[in-house]
Number of protein chains: 2
Amino acid sequence: MNDTFLKACRGEKTDYTPVWFMRQAGRYLPDYQAVRGNVTFLELCHTPELCTEVTLQPIDIFGFDAAILFSDILIPMEAMGLDLEFHEGRGPVFPDPVRDRRAVDALIVPDPRETMPFVMETIGLLRKELRVPLIGFSGAPFTLATYLVECGSSKVFLETKKMMYRAPELYDAMMRKITRCTSLYLQAQAKAGAQALQIFDSWAGILAPGDFRRFALPYVQSIIRDLREVTDVPIIYFANNGATLLDLSGTAGADVLGLDWRVNIRDAVSRVGDHALQGNLDPIALFLPEKELVARVERLLDDAADARGHIFNLGHGIVPQTPPDQVRIVVEAVHRYSTR
Amino acid sequence: MNDTFLKACRGEKTDYTPVWFMRQAGRYLPDYQAVRGNVTFLELCHTPELCTEVTLQPIDIFGFDAAILFSDILIPMEAMGLDLEFHEGRGPVFPDPVRDRRAVDALIVPDPRETMPFVMETIGLLRKELRVPLIGFSGAPFTLATYLVECGSSKVFLETKKMMYRAPELYDAMMRKITRCTSLYLQAQAKAGAQALQIFDSWAGILAPGDFRRFALPYVQSIIRDLREVTDVPIIYFANNGATLLDLSGTAGADVLGLDWRVNIRDAVSRVGDHALQGNLDPIALFLPEKELVARVERLLDDAADARGHIFNLGHGIVPQTPPDQVRIVVEAVHRYSTR
């Protein structure tokens with residue numbers, strides 16, 4: 001078992017810098033496309049054998065140091081009683097918005113083992129196959145809420161902020177249910193065998209710092225407190241586009257903070273250096289010519305040299321157009337340059 | 001003539017904090033909708049009398065301390081020889097991408113007085129009517145380039161970054177032409193009577209700091225150097241979503257730095273306090289109930305108290321759904337609370 005990733009999460013010395021990529025099991029891989037060609041995205045998420053297969057693909061192909069459960073952050077929202085649809089080119093859609101008391105009252109806080117057995121089964125199957133640690137994950141409550149309130153993706157998040165600002169009690173009631181659901185879901189993943197847990201706050205970066213502190217952060221803190229009572233797996237919190245939120249994110253209670261590519265990792269070390277850090281190559285930097293790509297990887301590793309622990313990753317998910325050979329170049333460069 | 005805005009730009013003492021809003025002449029105003037109902041967006045931009053009318057509306061209605069020329073950052077791209085279309089709900093579209101040597105060579109560096117006389121005429125008409133300063137503006141070269149390369153708006157800006165990374169000489173040739181066009185355009189606006197100039201770098205925030213320094217900032221610096229030789233009007237540089245770029249933005253040569261709402265303005269004072277600062281209320285905070293809205297405005301003014309000069313503004317353009325009465329509340333609160 002290669003436990004380099006887990007050691008780095010805990011701030012322990014490692015022989016080299018571990019590396020994995022957000023969305024490493026995804027559309028840029030012909031092997032993934034082959035599986036996905038026969039099923040819808042939701043069918044894929046619901047089928048443990050297929051989830052296991054696509055999760056393993058990038059590990060086998062590139063030698064990443066961690067695997068991440070193939071799923072979607074919105075899967076537990078289905079379990080909360082909402083209709084979830086994925087439309088080609090438009091992303092996730094919830095036909096019925098959650099914007100009033102009736103809709104909030106109708107939200108179910110599900111037992112994850114009953115409503116999402118396919119996730120726990122996938123984790124079990126993966127643990128039998130993997131020789132690297134398996135990361136489980138969820139969305140953060142604020143990020144999940146935006147999809148429910150906006151009926152999907154959004155540009156200015158008008159309805160979510162309107163609810164925060166004009167109906168804070170309703171917002172809090174919704175958030176407490178989502179938080180409880182997420183907390184139970186992550187606990188169940190740990191119990192099923194996930195060896196680390198990442199909380200994705202993909203939309204945290206649309207909040208002013210004061211609003212993040214009031215309307216997003218406390219729910220993350222609550223989940224992590226709950227998790228600490230039942231498991232000691234490392235916890236990663238990733239507040240995307242969150243440079244101005246970094247000091248606040250440092251109070252979430254996580255072991256590791258994820259960084260998007262806008263932040264110089266050296267600055268992050270000086271601000272939240274008591275955490276291990278994960279990131280943060282611009283996913284589009286994978287289109288650099290090989291020599292420049294390797295130089296950028298090495299510079300990033302140098303910038304992270306004083307981190308309490310560094311897990312090399314992209315600053316956001318890999319894009320579907322990425323040539324797989326470029327991924328191999330990065331993984332090899334990270335391993336080679338960081339070997340002590 | 002109310003010159004409070006100009007004094008604040010120059011870091012001089014003012015009787016109160018001046019205020020204007022990005023997109024203050026826009027769709028949230030019924031008066032604007034009435035004008036816009038009869039013409040397309042591009043027809044509006046091309047008609048000096050109508051541009052003048054909609055520019056004046058928010059000044060007359062709310063008592064803003066500065067007017068900004070009604071136009072669009074992409075208007076000079078038409079003058080460079082490109083087809084520009086605005087599609088309802090989709091935003092600007094350039095049918096033919098600028099991605100190769102042929103397309104870059106075909107770009108014209110236009111004489112702005114010949115190709116955009118309607119802009120200079122609008123400035124002349126406005127100066128006769130206005131009792132507050134008139135701000136002219138342009139897009140920053142990097143932001144303009146993204147529209148040309150991506151054929152419009154984008155999510156991950158793959159093609160722009162690919163050109164930067166894989167064809168840096170072609171990218172530079174394109175950027176030099178856009179920069180020269182922008183430089184001449186802003187010079188012509190100053191000559192026509194614009195009393196301040198704002199450079200909008202709406203997409204700067206998608207760049208890692210190192211890429212911003214290499215691929216965006218030098219072209220802005222070049223424009224501002226050119227401007228300083230022919231005019232002494234204050235120059236505002238707004239790098240949107242640019243918290244991690246702030247120190248670099250401070251080297252652009254501008255008098256004023258615009259801030260989006262993600263930044264705490266107190267932090268900005270500590271980092272680029274030799275500049276006047278403009279911003280930075282979350283546009284969606286305009287949906288707060290009156291009491292909370294006023295409290296937030298006052299807190300922002302307190303946070304900016306040590307700035308070398310503060311121009312109150314939103315952190316991004318006002319959204320069309322905003323109730324106009326909420327705008328009045330903010331303008332009055334700024335004036336009342338900041339009066340010394």
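**Two helices and a two-fold pair**

Student: At what angle do helix α9 (residues 141–150) and α10(A) of chain A pack?
Tutor: In this predicted model, local features need pLDDT of at least 70, side-chain atom pairs count only at pLDDT 80 or more, and totals for chains, interfaces and linings use all residues. Residues are numbered from 1 along each chain as written, with chains lettered from A and ligands numbered from 1 in written order. Helices are DSSP runs of H or I with at least four residues, numbered from the N terminus, and axes are lines fitted to C-alpha atoms over the stretch in contact, with angles from 0 to 180 degrees between N-to-C directions. The axes of α9(A) and α10(A) lie 8 Å apart, and the angle is about 105°.

Student: Are α9(A) and α10(A) roughly parallel or roughly perpendicular?
Tutor: Angles under 35 degrees count as roughly parallel, over 145 as roughly antiparallel, 65 to 115 as roughly perpendicular and the rest as oblique. The two helices pack at about 105°. α9(A) and α10(A) are therefore roughly perpendicular.

Student: Which helix of chain A gives the most to the side that touches chain B?
Tutor: Residues are in contact if their C-beta atoms, placed from the backbone, lie within 7 Å. The contact takes 23 residues from chain A and 22 residues from chain B. With 5 residues, the helix that gives the most to the side of chain A is α10 (residues 158–166).

How values were computed:
Contact = placed C-beta atoms within 7 Å.
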